[in-house]
Amino acid sequence: MERLLLLVMLIKFLEMMKRLLYILPISIILLLGSCVNDDSTIATINVNDIAISNIGSKYSVISYAGNKLEIQPTIESGYSDINYRWYIIDKSKEGRSSYNSGITYDMDSIANTKDLSYEVNLPEGNYRLVFKAFSKSNNYSMYKTADVEITTQFSKGFYILKEDATGNTELDMYTPSGILMNNLLKKTQGSSMTGSPRSLGFCYDQAYMIGTEKNYSNCMCITTEKNDMKFIRISDMKLVIDKSNLLFDEIDSKEQFYGTVKGYYMMHLFTSAGVRSVYDGPDGGNTGKFGNALGDVGASKYYVDCASQYGMRFWSDSDHGIYGCDYNGSVTAVPMATGVNYKSQGLTGYSCVACGESQIGSVERMFFLLKDDATSKRYFYFLTNARVKEVRELDPSLNMAQANIFSTNGRTATIVYCVNNNRLYGYNYNTGAEVEMPFSGIPANEQITYITNQYWLGSDSFNYLVLGTQTGDTYKLYFYNMVGGQPSGDPVKTITGTGKFKSIRYVTPQYSNWTTAFSYPFTD
């Protein structure tokens with residue numbers, strides 16, 4: 001009787017062990033979440049049928065840059081029917097999981113081959129890589145894990161706003177290491193933004209909410225001609241603000257959003273309703289929602305910084321005049337200097353063609369180029385000390401009076417740039433003289449469609465004149481060093497990409513406070 005009882009117990013034990021072989025793989029996966037830095041659970045399983053080697057303990061990779069995790073594990077086994085799975089797990093989700101209640105974290109299968117070649121397009125963070133080798137016949141499995149540190153190249157470099165083949169807005173980025181990351185909106189947001197691009201602006205220390213917690217970070221604001229808008233956190237390209245949480249009230253569907261820039265204390269959002277503002281993160285500790293438009297004056301896409309007054313200057317499409325907002329977002333009319341026999345508001349029938357700002361030393365100069373829509377005559381409004389110092393009716397023979405492509409030298413010369421008939425010209429703020437500026441390195445069959453002076457005045461400072469060309473669906477950006485505001489020598493770098501180019505902006509984490517707020521150009 002005792003022998004029979006022992007036999008029954010032995011049979012039950014063997015049946016239990018048989019079931020355990022099938023349950024064990026699932027249990028191991030769950031244990032990976034609780035044993036974050038300890039693979040001893042796997043290592044002590046004394047099964048010799050599948051042995052895995054040649055997988056490192058830790059990998060580091062830069063995401064969204066075309067980089068791949070390339071791993072070729074070595075497998076030793078008596079099985080002839082081994083299958084494979086690779087998984088990647090966000091470690092931040094492991095701590096929020098409760099295995100006892102049956103809740104497990106999601107594991108994304110990224111490959112079903114022995115060798116891994118996986119392009120990484122994931123937010124920055126710490127991840128766990130899991131490799132599974134298992135027999136197809138009985139599902140017996142073995143596992144190997146590795147830590148993966150994922151960083152991004154989003155925080156520093158040149159962002160390129162463009163239109164894609166579908167007519168929607170997309171974003172490329174050129175990194176300091178010379179890598180062009182393309183179509184970032186599709187890769188990080190799931191799709192491009194609706195409509196052709198309107199503006200790209202950087203909002204250092206932009207406030208926003210994550211759940212119920214207030215936060216702030218360096219963000220970008222992108223707007224489109226179909227009035228789509230997104231504020232995206234630069235470090236990981238996470239969407240933090242869109243039109244659903246932009247304002248405290250409902251958005252009027254007729255209100256157009258032109259762009260956002262960082263001011264002294266506040267972010268200023270220029271819209272057809274006026275200038276909406278919100279304190280930045282360090283100064284306000286707020287939700288990031290923008291306030292009511294002040295001044296009852298609509299804005300436009302033409303705005304410049306006015307560092308001498310800690311604010312902005314802008315053209316109003318609705319009120320046909322030049323206005324300003326101070327560091328608190330209050331809007332006032334820009335006055336005329338004594339003796340200037342023109343007006344700066346009430347210019348019905350006039351439109352703005354271009355604007356810009358230049359500061360050399362302590363002297364700040366701004367301009368608005370206006371056009372009489374009835375006669376096509378152009379007027380150069382020259383501003384200093386936050387008022388209109390002079391108005392010049394441009395000679396129709398000047399290229400400034402004919403061109404449609406403009407920019408300005410921001411910090412080294414009193415020059416407004418324009419391109420006419422594929423030639424580059426410089427117009428002097430002070431004298432009104434215009435000269436042609438020869439350049440080299442661009443094939444004669446490429447059409448210049450863009451010009452900008454891109455500069456940064458903080459650490460790792462630079463100062464480039466950038467000429468952009470468009471040939472079919474290919475854009476090229478040529479970067480020149482300058483002497484006296486003129487391009488010098490051949491381009492020092494060239495960026496080539498796909499899409500219809502709109503504009504370029506430089507971003508860096510070196511921004512610290514308002515002293516660098518005007519260390520870069522806001523508009524072209």
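Is Cys 203 buried or exposed? Cys 203 is buried, with a relative accessible area of 0%; here buried means under 20% relative accessible area, exposed over 50%, and partly exposed in between, using a 1.4 Å probe and protein chains only.

Before we go on, a word about the model. This is a predicted model, in which local features need pLDDT of at least 70 and side-chain atom pairs count only at pLDDT 80 or more, while totals for chains, interfaces and linings use all residues. Residues are numbered from 1 along each chain as its sequence is written, and side-chain values use heavy atoms, leaving out hydrogens and water.

Now to the cysteines. A disulfide is a covalent bond between the sulfur atoms of two cysteines. With a disulfide taken as a pair of cysteine sulfur atoms within 2.5 Å, the structure holds zero of them.

| Cysteine | Nearest cysteine sulfur | Distance |
|---|---|---|
| Cys 203 | Cys 221 | 5.5 Å |
| Cys 306 | Cys 325 | 9.5 Å |

Cys 306 also counts as buried, at 0% relative accessibility.

Next, look at strand β33, residues 462–471. Strands are DSSP runs of E with at least two residues, numbered from the N terminus, and two strands pair if DSSP finds at least two bridges between them. Eight of the ten residues of β33 are buried, so this strand is largely enclosed by the rest of the structure. Strand β32 (residues 447–456) runs antiparallel to β33, joined by nine bridges, and Tyr 450 has Gly 468 as its bridge partner. Seven bridges link β33 with β34 (residues 474–483), also antiparallel.

Methods
Helix = DSSP H or I, 4+ residues; strand = E, 2+ residues; numbered from the N terminus.
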